[in-house]
Structure formats: structure tokens, C-alpha cells
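Please work through the following exercises on how two protein chains meet. Each task is followed by a solution in steps.

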There are 2 protein chains.
Amino acid sequence: MDQFATKGSDPSFLTIEQWARKIEEALERPNVVGPIRNIRDDDRREFDAIFIGGGAAGRFGSAYLRALGGRQLIIDRWPFLGGSCPHNACVPHHLFSDCAAELMLARTFSGTLWFPDMTGRTTSIKEVVDLFRRGRTGPHAVMNYQSKEQLDIEFVLNASARILDAHTIEAAGEIFRARTLVLALGSKPIRLNTLGRDLHGIHDYATLVETLDREPGEAIVVVGGSKTAVEYGCFFNATGRRVIMLVRDRLLKLINDGETRTYAIDRMREQGIKILEGATVSAILGDAEGRVARVVADTPSGELEIATDFVFQALGERPRSRLAVEALGVAIDDSGAVVVDEQLRTSIPDVYAVGDLIGAPMEMFKARKSGAYAARAIMGEKVSYRPSDWPDFLHTHYEVSWLGLGEEEARARYRSVVILKMPPDNPNGLDIGLPASDRTMLYAMAHPHMSGFQKLVLDGKTRRVLGAHHVGYGAKDAFQYLNVMVKKGLTIDELAEMDELFLNPTHFIQLSRLRAGHRELRSL
Amino acid sequence: MDQFATKGSDPSFLTIEQWARKIEEALERPNVVGPIRNIRDDDRREFDAIFIGGGAAGRFGSAYLRALGGRQLIIDRWPFLGGSCPHNACVPHHLFSDCAAELMLARTFSGTLWFPDMTGRTTSIKEVVDLFRRGRTGPHAVMNYQSKEQLDIEFVLNASARILDAHTIEAAGEIFRARTLVLALGSKPIRLNTLGRDLHGIHDYATLVETLDREPGEAIVVVGGSKTAVEYGCFFNATGRRVIMLVRDRLLKLINDGETRTYAIDRMREQGIKILEGATVSAILGDAEGRVARVVADTPSGELEIATDFVFQALGERPRSRLAVEALGVAIDDSGAVVVDEQLRTSIPDVYAVGDLIGAPMEMFKARKSGAYAARAIMGEKVSYRPSDWPDFLHTHYEVSWLGLGEEEARARYRSVVILKMPPDNPNGLDIGLPASDRTMLYAMAHPHMSGFQKLVLDGKTRRVLGAHHVGYGAKDAFQYLNVMVKKGLTIDELAEMDELFLNPTHFIQLSRLRAGHRELRSL
């Protein structure tokens with residue numbers, strides 16, 4: 001391929017494979033490899049922005065700024081661009097969630113068809129973690145390659161940045177100056193604040209991937225009740241562990257439709273997860289080697305002691321704002337988030353902040369969009385960014401996706417709420433073989449109640465979609481696009497006109513077709 | 001639940017479970033069970049339409065007509081509504097395609113993690129067929145329940161219809177009259193026209209499910225090269241059979257983007273499928289018991305004889321128009337399709353036709369929409385239905401989805417075509433661990449080139465999306481909604497503003513974000 005032959009004459013050109021080897025080496029021996037520098041020294045222009053942090057926010061902000069004709073520099077302590085997501089956060093979580101989905105299927109069909117007998121069998125967590133550790137440099141390498149060769153991003157990696165002032169950074173023994181500074185420092189997991197929190201065997205999503213050195217035992221305590229707690233809890237459960245979830249408040253209260261939430265939680269319970277709501281950890285007790293031995297929990301039915309050698313904490317994340325506060329004095333809020341306006345400007349002139357550092361929602365779309373919006377603001381555009389009405393999702397053993405209003409919220413706000421759902425209310429309850437679609441077909445045929453749940457919430461008066469909810473597989477991507485349409489006023493009549501790709505995971509188009517003929521809409 | 005208690009006083013009320021038992025019984029002993037009649041004898045109104053056939057087209061047409069305030073009757077020879085799709089067509093195909101996806105994963109990770117050792121192992125086709133046969137009455141029952149209890153559809157099932165004239169039908173010993181007649185008779189698989197075509201062991205999608213009585217041997221010949229041939233061929237291959245595909249023309253020429261098609265076919269070859277293009281069956285030879293023994297094929301490299309006991313023919317479908325031609329004299333075209341205008345009217349006054357009976361595209365969306373449009377026309381609305389610019393998909397071991405133009409077509413029509421794709425062109429070829437998303441994470445980590453391929457085709461001048469293409473999992477549903485947006489003129493800038501649900505199967509939003517800043521768009 002010709003385009004690579006010409007790249008070959010550039011001495012700094014690395015193939016994706018060469019990048020993977022370099023990143024691996026740098027992760028093992030950061031000091032031996034030293035800073036990885038990609039700066040066009042022949043370009044005499046001032047940097048329009050230095051991004052401190054090359055994660056999702058910093059990298060997408062840099063790409064956007066570059067595309068707008070500006071000049072940027074990323075400085076990152078890791079030897080790769082892309083940040084924590086592909087290294088120890090969202091990407092491994094997706095691998096673990098894939099394993100949870102596959103293992104639930106294997107356990108459900110244990111000993112039938114081609115599935116192995118899973119009775120009483122515990123599968124390795126460490127092998128999956130090791131698979132990830134070996135595999136993650138691939139995506140890292142793609143992002144370095146893409147950033148350098150395709151996006152023309154300048155960077156210094158494997159180097160920490162020292163902020164001298166709002167325009168000046170020291171990194172890798174050099175001084176860099178820029179018109180603006182963009183803080184993209186990310187967030188880190190909040191840790192338990194109880195006795196025994198430093199014992200060996202207490203993990204969060206980051207340390208699980210980075211430091212797990214032995215196979216967890218047969219019981220795992222998960223502390224937390226939101227996305228991360230559930231995603232990892234379901235994975236541990238699927239490996240055959242006894243999982244006990246200690247949830248301070250209510251499990252998965254972020255799912256805003258009652259039936260959808262119940263369906264998701266019922267399936268978790270059915271898989272054997274023990275859920276204790278209103279429960280907190282009062283202490284973690286260790287053995288003689290400093291390893292977790294027991295968790296003491298305060299629960300509504302009294303104190304509970306659980307024997308375990310593995311605790312997973314998922315208590316949310318805290319913005320990494322300390323460095324920026326100390327160096328620049330940027331204002332932060334109570335949650336530790338750097339305060340920004342809709343142009344992503346902090347309290348300090350010429351200093352911007354993006355991504356998890358500016359607080360909730362700590363989601364990928366916001367990281368990337370805030371980065372891009374900061375770039376546009378820096379390049380002179382008048383922008384206004386506030387995330388609103390985004391779609392959302394999480395993994396149990398399933399993919400759970402939602403947007404807009406839940407049924408209860410809709411009924412509180414609208415007079416004539418119409419519900420289209422699958423399965424319908426019926427005397428058999430859920431056990432009826434629909435919905436069915438890709439990756440739920442085996443369930444639909446043999447264990448129908450496991451084939452999913454979905455619901456469309458409509459306003460009968462305007463015929464508009466108010467909310468959509470899905471538990472199953474293969475609908476998550478659709479919710480991105482559907483959400484845009486719903487925000488623009490999507491009606492049941494427009495849905496009924498669409499061309500479905502049958503068997504579609506969301507049955508929304510066909511359910512709409514069955515009811516759209518009614519002048520007075522009816523539920524289904 | 002109260003709504004069921006009140007239904008209990010209706011003597012004709014059946015729960016979904018009771019429907020399932022009744023349908024099973026009727027399928028085994030149709031004459032003993034006799035016609036299944038749901039007619040409101042107290043309703044003295046004339047039927048606005050009798051639908052002959054209660055498949056997708058007839059059932060959705062009926063629901064729509066009913067919702068508009070009309071009165072309809074469905075007559076169907078089967079004891080369930082929904083037609084061939086859930087009985088022996090699209091639904092079993094989805095089950096087999098799920099198995100193909102699962103088995104490819106199990107073979108790829110054979111003997112590692114929790115996956116069994118699949119080396120040299122052939123898994124049963126008949127067990128999966130039997131699973132389907134047992135499971136299919138569940139969805140059938142839901143549709144009967146929904147049609148009767150929720151959609152107020154009137155029907156006579158398990159009874160054949162005799163057309164007396166354009167307003168009069170005889171069925172189950174009764175005469176029914178209606179203002180109009182809607183022909184919804186569907187289609188049937190085209191059979192091979194060669195010596196030996198009646199030997200035992202020659203199947204199509206319908207007979208596979210209905211009559212398979214023994215386990216196919218180690219080699220399977222698939223005749224055909226489009227959706228059905230590939231979907232079943234990949235399933236047979238995944239069970240461990242040696243699959244030889246005889247393709248008259250080019251395999252999967254309906255995939256209109258060259259790279260996407262190549263990626264999909266390369267993966268089929270990698271799984272061991274032997275593809276012979278420009279090949280036709282010249283004869284099928286049998287053994288002493290009248291069973292397939294050998295297939296003789298004409299190929300570009302000469303005559304080929306293949307020892308096999310199982311041939312799968314997938315040569316397309318032919319509309320079931322004979323009955324309507326004989327009884328009414330409706331006009332048909334060369335393909336046997338009943339000719340209709342945009343109001344779905346045939347050549348005979350007051351006779352309409354819908355679904356597969358009116359020819360290509362024989363897709364679910366067209367069946368359902370044509371049914372609904374016929375209902376609207378019958379109830380006095382001025383409608384105009386012609387399918388155009390629909391999204392499309394098929395299964396290999398993967399889900400392949402596409403919409404709009406392929407790259408080659410786009411370059412022929414537009415001056416400045418811009419491509420965003422994943423993986424990018426790179427010196428490692430495909431083997432780089434991206435794209436990654438739900439259900440491809442294990443591949444992304446350990447066998448990166450298997451993690452999928454995707455491409456967005458844009459017009460650099462207007463910045464509009466011209467086409468989208470995806471091989472992987474979990475994007476099919478999204479293509480339904482994306483297609484509507486593309487038809488309305490979706491631009492890269494609008495995509496870049498959306499909120500992705502990361503890791504999204506289509507990386508289109510983030511790829512757009514990386515390039516949208518450019519005034520002159522560039523490929524990625």
C-alpha cells in the first residue's frame with residue numbers, strides 16, 4: 001500500500017504494531033523508555049492550547065482544535081493517548097460484561113447443545129483480566145497511530161506535566177508555552193472510608209485490572225448500587241461466585257422506569273446475586289497476612305458478617321482537581337469538580353477544563369463533546385455547552401438502555417400516557433417468548449422470560465414519544481439515534497412509517513404500527 | 001391482575017399458555033381441532049375487508065384497519081397468526097444465526113477460558129431444529145393472544161379459504177362477504193430444477209424446520225449466494241460441517257460497498273466455508289434408498305462431484321399467486337408477483353394485494369407497511385406506497401447492516417467523497433483491535449481482525465452522509481433510525497453533536513467528531 005511506503009521515509013513513523021510494542025515497553029519500564037515526543041519543531045507557531053491529559057476529552061479536544069486550523073499539544077503521564085477508558089475503565093468493563101452475557105448463556109444452557117456442563121463450576125476472573133492486560137495495548141496503539149498519522153496531533157507522552165502558570169507548562173525537561181491551558185485530568189474512584197480499607201483484596205475498577213494477582217475466592221462483596229457496581233457484580237456472579245451487593249440506598253435507582261428496573265433486578269436475583277439495600281460497610285477485617293477475611297455490614301435487619309477475600313468498591317468517582325487547584329487556584333465545587341461556564345472556562349483566565357474533571361455526567365459523550373467545545377471556544381467560536389437529555393445505558397448480564405421519561409414520571413406530567421410494551425401484561429407473566437431478537441433467540445425458544453423487556457412511553461394527546469426503555473441486547477446503539485429523534489418530537493405515526501430490520505431488538509416500529517391507526521391511542 | 005379476571009368471564013378467552021397448547025394440538029391434528037373461529041356474531045356490520053392470509057401483511061393490515069374503525073376478517077390455513085416468519089422463515093433463521101455467532105466464538109476460544117474444546121467437534125443441527133420446533137408455539141401464542149385480546153382482530157384459523165368472487169369467501173363451511181378482498185398469500189421457496197431434485201436430504205428454509213428427521217453428515221452443499229444461502233451456510237459451517245457454496249453469480253452482491261463485502265466474505269472463508277462462484281448444480285445423485293449421495297456441479301474450473309447427504313437450496317422465493325389468478329384472474333408479472341398500484345389495488349376492482357405476493361422486496365417492513373397502506377386505502381384514505389431507500393441487513397456469523405450508497409457508487413456520483421472507517425487503512429491490515437463493542441470484546445482483545453468493520457460514506461461538499469456499512473454485532477437496530485436521518489440529510493456536523501453510548505457498535509458519532517472540525521473534510 002503506497003501511503004505507507006511514503007510514511008516509511010519519516011523516521012518517527014511507527015506502524016500500529018510498532019506502537020503496541022513501544023507502549024508495552026514504556027508501561028513496563030517508563031523511565032528507560034522516557035518521554036515520547038511528537039512535536040513539529042519546524043512549526044514556529046505558538047500553541048493555541050496545551051491539553052494536560054490526553055484521555056477522551058483531551059484527545060478529542062485536540063483533534064477538533066487541530067481540524068479548526070489551530071495548534072495544540074497534549075501532555076500525558078501515560079505512554080498512550082485515550083486515557084483511562086481503554087486502559088482500566090470502560091473498555092475492560094465491556095469485556096467483563098461480554099463475559100457476563102456469555103457465561104449467563106452458558107450456565108442457562110449448561111450441558112445442552114454445545115455448552116459445557118457448568119454445574120458448580122467457577123471460572124477464572126484472573127484469566128479474563130490477564131487477557132485484557134495483554135490485549136489493551138492494541139487499542140492504545142491504534143489511538144497513538146491515528147492521533148499522530150491521521151489527526152496531526154502533537155504530544156509528549158510518558159511524561160508528567162508541571163503547571164508553572166496559566167500559559168506555561170514544564171514537561172520532559174522542556175518548557176512549553178501556549179495561549180490557553182486545557183485541564184483534562186480526569187477522575188479517580190472514590191475509596192471506602194472504613195476500618196480495613198487498605199487490606200489486600202480490596203479493589204475498584206482500576207486496581208482490578210492493574211494489580212489483581214490471585215484468583216478471588218467463592219464469595220465476593222460488592223459495595224455500591226449504581227452502574228459500575230452492577231456491571232462488575234454481574235460479571236463476578238457469572239463466573240460462579242456468590243455475590244453480595246451492599247447498596248447504601250436503592251439498587252439502580254438511575255433506571256427511571258419502574259417495570260424496566262424491576263425486570264433488570266429480577267434477572268440479577270434470578271442469577272443468584274444477593275442484594276442488600278440500605279446496607280453499608282462498617283468494617284473490613286483482615287487475616288494475619290493483611291488480606292481481607294471478613295466484611296462487617298450494617299443492614300436493615302442488623303449487623304451481618306460475610307466471609308470473603310475479595311471486596312469490590314464502586315462508590316463513584318472524584319475529579320482529579322487537586323493539582324490544578326494547587327498550581328492555579330481554579331475554583332471547584334463541593335464534589336471537587338472544576339467549575340466552568342458554558343464555554344468551558346474556569347475561574348482563571350485562559351484556563352479551560354473538560355471531561356470528568358468538571359463533574360457529572362462522567363460519561364464518554366460529555367468528555368468528547370466538552371473537549372471539542374473547549375477547542376471551538378479557544379479558536380474564537382461562541383459556543384454554549386451543557387449536556388442535557390442524553391440517552392443512558394448500563395450492563396447487567398444484559399444491556400439496559402433508556403432515554404426520556406419513565407412511565408411513572410410521564411404519568412405525573414401528562415394526562416393521557418400510552419404504553420407500548422413487550423411482553424404485554426398477560427396471565428402468564430413474562431414467560432412468553434417475546435421479545436426476541438439477535439442474541440436472545442436461545443432464551444426466546446427455551447427460557448422465554450429471559451428474552452428481555454421493552455417499553456415505549458407516549459403522550460396520547462400529541463402522539464409523541466416521551467421515553468423508551470430496553471433490556472436485552474443490540475438496542476444500545478439505536479438509542480443514540482432514537483434519542484435525537486425523540487428530542488425533535490418523534491411521534492408514533494413517524495415510527496409506524498419507518499422500515500424495520502426484522503427481528504429488530506427494539507420492536508418499537510412494529511408496536512407503533514399496531515396502534516398508530518387509532519385516533520385515540522391505546523396501550524399495548 | 002384485574003384485567004385478566006374480567007377476561008375470565010369471556011368463554012372464548014385463552015391465556016397465552018392455553019393458546020400455545022391449542023396451537024400445538026392443531027398443528028399435530030388439524031382436522032381434530034378444526035377451524036379456530038373468532039368472529040363477533042353480534043356485530044352486524046359488513047366486513048370492510050377479508051384478508052386471505054394472516055401473516056405479517058395480513059395481520060398488520062387487519063390491525064390497522066381495525067384501529068381506523070373498520071371491520072375485518074382474517075382467514076388463514078395455519079392455526080396461528082403471524083404467518084411463515086415465526087413458523088419456518090425469519091425467526092428460525094435468527095435462532096440459527098445466533099447459534100452461528102455463539103459457535104464461532106466457542107471455536108475461536110476453544111479450550112480457553114470457559115469454552116469447551118471444539119477441536120474436530122461437530123455439533124447437532126437437529127437439536128437446534130428441535131429446540132425451535134418446541135419453542136415456536138410460544139411466539140405464535142403471543143400473536144394470537146395479542147390479535148384477539150388487544151387488537152380486536154376477527155379471524156378464522158386452521159381453515160383454508162376458497163375465493164368465490166371479489167367479495168365472497170368460503171371457509172370452514174361458512175360464506176363470508178366483504179366490501180373488499182385483500183390477498184396476503186405470501187411466497188414460497190423456489191426449488192432446484194435439476195435431476196434428483198426430489199431426493200431425500202434436499203432442503204430449503206421451510207422444509208429444514210418442518211421435516212428434518214436425521215442429522216446431516218459432515219459435508220453440506222448450499223446452492224445460492226444471497227441472504228438465505230449465507231445465513232444457513234454460516235450456521236451449518238459453525239456446527240463443524242464442511243460447507244461448499246455453489247453460487248451462480250457473485251456471492252453477496254447485494255452488499256453494495258466493496259470493502260464491507262470483502263470483509264464479510266473473508267471472514268466466511270476464514271471459518272472454512274468453500275465458496276465457488278459461477279457454479280451451478282447440474283445433477284444430484286442418490287443412493288439406493290433415494291437419499292442424496294453426490295452433487296454434480298458445473299464450475300469455472302470444470303465439473304465437480306461432491307459427496308454429501310444434505311443439500312440446502314436458497315434460490316429465492318416465488319409469490320403464491322396461482323390461487324388468486326385462477327379464482328379472480330388478477331394480473332401478475334413475469335416473476336409471478338401480483339401487480340398492484342400505489343394504493344395496493346390489483347387489476348380486479350375491490351381486490352387488493354400485499355406482502356410477498358406483490359414481489360420484491362420480500363422484507364418484513366414491506367409486508368407490514370403494505371398491509372397498513374392497503375387498510376388505509378380501503379378505509380378511504382388517499383395513500384401512495386412504494387418502498388424506497390430502505391436499510392438492509394443479513395447475517396453471516398456476524399450481523400451485516402447497510403444503508404445508502406457504497407463507496408464505489410458514491411465515487412461514481414459525487415466529486416468529493418470522504419470515508420470514515422474503522423479499522424483505518426494501516427500497515428498491519430485489519431489486525432488492530434478496533435472497532436470494539438458489545439459482543440466483540442473477546443475478539444478485540446485476542447483476535448483483533450475479527451472484531452468487525454465499519455464505514456461511513458460522506459459527500460465532502462454538502463457534508464451529508466451518503467451511506468453507512470457495518471459488520472459486527474448490535475448495530476442493526478440503529479440502522480433503522482439512522483436511515484431515516486440520512487434520508488432527511490444527516491450531516492457529519494449533526495453526527496458530531498450526538499451523545500454516544502460508549503462503547504457504541506457504530507463508532508460513527510466519534511469518528512465524525514474527529515473530523516467535523518475541518519472545513520474541507522478529510523477521510524479517516
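**Exercises on the interface**

The side chains of K369(A) and D499(B) form a salt bridge, 2.8 Å from N to O. This is a predicted model, in which local features need pLDDT of at least 70, side-chain atom pairs count only at pLDDT 80 or more, and totals for chains, interfaces and linings use all residues. Residues are numbered from 1 along each chain as its sequence is written, chains are lettered from A in the order in which they are written, and side-chain values use heavy atoms without hydrogens or water.

**Exercise 1.** Determine how many salt bridges the rule finds across the interface of chain A and chain B.

*Solution.* Begin with the rule: a side-chain nitrogen of Lys or Arg must lie within 4 Å of a carboxyl oxygen of Asp or Glu. Applied across the interface of chain A and chain B, this rule finds 12 salt bridges. Next, sort the side of chain A that touches chain B by class: 64 residues are nonpolar (Ala, Val, Leu, Ile, Met, Phe, Trp, Tyr, Cys and Pro), 25 are charged (Asp, Glu, Lys and Arg) and 22 are polar (the others, Gly among them).

**Exercise 2.** State how much area chain A and chain B bury between them.

*Solution.* First, count contacts (heavy atoms within 4.5 Å): 111 residues of chain A touch 111 residues of chain B. Then take the buried area, which is the accessible area (1.4 Å probe) lost by two parts on being put together, summed over both. The value is about 10100 Å², with 65% on carbon and sulfur atoms. In chain A, W114(A), R439(A) and Y481(A) lose the most area to chain B, together 9% of what that side buries.
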